[in-house]
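Here are my notes on the model you sent. Please read them with the structure open beside you.

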Amino acid sequence: MFKTPPVTKNLIIINVLMFAMKYVLALHGIALDDLLGLHFVLAQDFRPYQLITYMFMHANFEHIFFNMFALWMFGCVVERTWGARRYLLFYLVCGLGAGLTQELWQFGQYYIEGLYSYDYVNAGTGIIPMSEFLNSWTTIGASGACYAVMLAFGMFYPNEVLILFPIPIPLKAKYFVLVCIVIEVVSSFATNGNVAHFAHLGGMAFAYFFIRHYRRRDSGFDGWDNYRGSGGGGLLDRMRRRFNERRAEDVTEVYRPDGYDYRSRRKEEDDEVDRILEKLKKSGYESLTEEEKQKLFDRSNRDEQAH
């Protein structure tokens, strides 16, 4: 956790704290899920703020454990790739999109099944008012946002090999994401459980269009496959051009009494970045040390801000 980037780490901490608070307040008769969970838009207990708060609530230990594990596993890489600010925006937008998708699905279910024409519902354990039944349509969990982060990882690093446990099957990230999408689509129509499959799909859909938007806007990250893009359009070529442009700029030399030379320091940094990029090209991202990854990330951000 000490090496986990700040946004991912703080999201995990907030979710764990909210999960603990849920059980503490339950001892005093307060159901936090009812207050912060996302209710159906036509239910009496629906509040607009629930579109944000619902993604910090979880049903049980298994629910929060797998969500936070996925967030940590994929979120660390995505945050380092994009930077904290854009990553946080991405997470919240996709979580919001997942909630809206679930609301849209429930809205369609409400009208398609003709629930609007009934005053009471046979819930199996007894006859309850329709208002009480609609209040039970509550969505909680960070799954939609976590599926979005997983999709982002698959789009950024499509050929990164993942090992699936408990069955040790190596699978490229792009195929892993595709399998998850197929499972969610099939499960959406094949089961009537309490899992919000459409929220998962909605989070992934918002993630896809979010990433496409930023790629069109600033020629963003296209995945490590594009290192050797034809015509000099790969990521490696773009980064080399950017670094060379910065190197060619006229920089006023500043000398200090201790013999500090700006040009000399800049040249050492450029040589180090070239070495890291060459290692990246030959051996892949995972061959880099944490220090090398951080240097590459910091340099890329600094040059992007300078432009």
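1. Val182. Val182 sits in helix 8. Helices here are DSSP runs of H or I with at least four residues, strands are runs of E with at least two, and both are numbered from the N terminus. Is Val182 buried or exposed, or something in between? At 46% relative accessibility, Val182 counts as partly exposed. The scale is this: buried is under 20% relative accessible area, exposed is over 50%, and partly exposed lies in between, with a 1.4 Å probe and protein chains only. Val182 and Leu201 are 19 residues apart in sequence, and their C-alpha atoms are 9.9 Å apart.

2. Basis. This is a predicted model, in which local features need pLDDT of at least 70 and side-chain atom pairs count only at pLDDT 80 or more, while totals for chains, interfaces and linings use all residues. Residues are numbered from 1 along each chain as its sequence is written, and side-chain values use heavy atoms, with hydrogens and water left out.

3. Overall make-up. The protein has twelve helices and six strands. Of its 307 residues, 42% are buried. Accessible areas come from the Shrake-Rupley method with a 1.4 Å probe; for residues, only the protein chains shown count as cover. Take the contacts between residues at least 6 apart in sequence: 65% of them join residues at least 24 apart. Contact means heavy atoms within 4.5 Å.

4. The main core. Which residues touch the most other members of the largest nonpolar core? They are Leu71 and Phe90, in a core of 52 residues. Helices 1 (6-26), 2 (32-36), 4, 5 (84-112), 7 (143-156), 8 (173-190) and 9 each supply at least two residues of this core. Helix 7 gives the most, with eleven residues. A nonpolar core is a set of buried Ala, Val, Leu, Ile, Met, Phe, Trp, Tyr and Cys residues joined through side-chain atoms within 4.5 Å.

5. Phe90 and a second core. Leaving out residues up to four places away in sequence, Phe90 touches Trp82, Ala148, Val149, Ala152, Ala207, Phe210 and Ile211. There is also a second, separate core of nine residues. Its members include Tyr110, Val121, Met130 and Trp137.

6. The salt bridge. How many salt bridges does the structure hold? One. The side chains of Lys22 and Asp33 form it, at 2.9 Å from N to O. Lys22 lies in helix 1 and Asp33 in helix 2, so the pair ties together parts that are eleven residues apart in sequence. The cut-off is a side-chain nitrogen of Lys or Arg within 4 Å of a carboxyl oxygen of Asp or Glu. Side chains of opposite charge can pair when their charged atoms come close.

7. Around Lys22. Lys22 is buried, at 11% relative accessible area. Asp33 is buried too, at 18%. Setting aside neighbours within four places in sequence, Lys22 is in contact with Leu32, Asp33, Met57, His58 and Ala59.

8. His200. His200 belongs to helix 9 (residues 197-218). His200 is buried, with a relative accessible area of 8%. Not counting residues up to four places away in sequence, His200 touches Ser143, Gly144, Tyr147, Glu184 and Val195. His200 and Ser143 are 57 residues apart in sequence, yet 6.2 Å apart from C-alpha to C-alpha.

9. A nonpolar surface patch. Phe61, Phe65, Phe66, Phe69, Trp72 and Met73 make a patch of about 640 Å². Patches are made of residues with over 30% relative accessible area and no salt bridge; like charges are joined within 9 Å, and nonpolar side chains (Val, Leu, Ile, Met, Phe, Trp, Tyr) within 5 Å. Phe61 is found in helix 4 (residues 61-82). Phe61 counts as exposed, at 59% relative accessibility.

10. Cysteines. A search of the whole structure finds zero disulfides. The test is a pair of cysteine sulfur atoms within 2.5 Å. Cys76 is buried at 8% relative accessible area, and Cys94 is buried at 0%.
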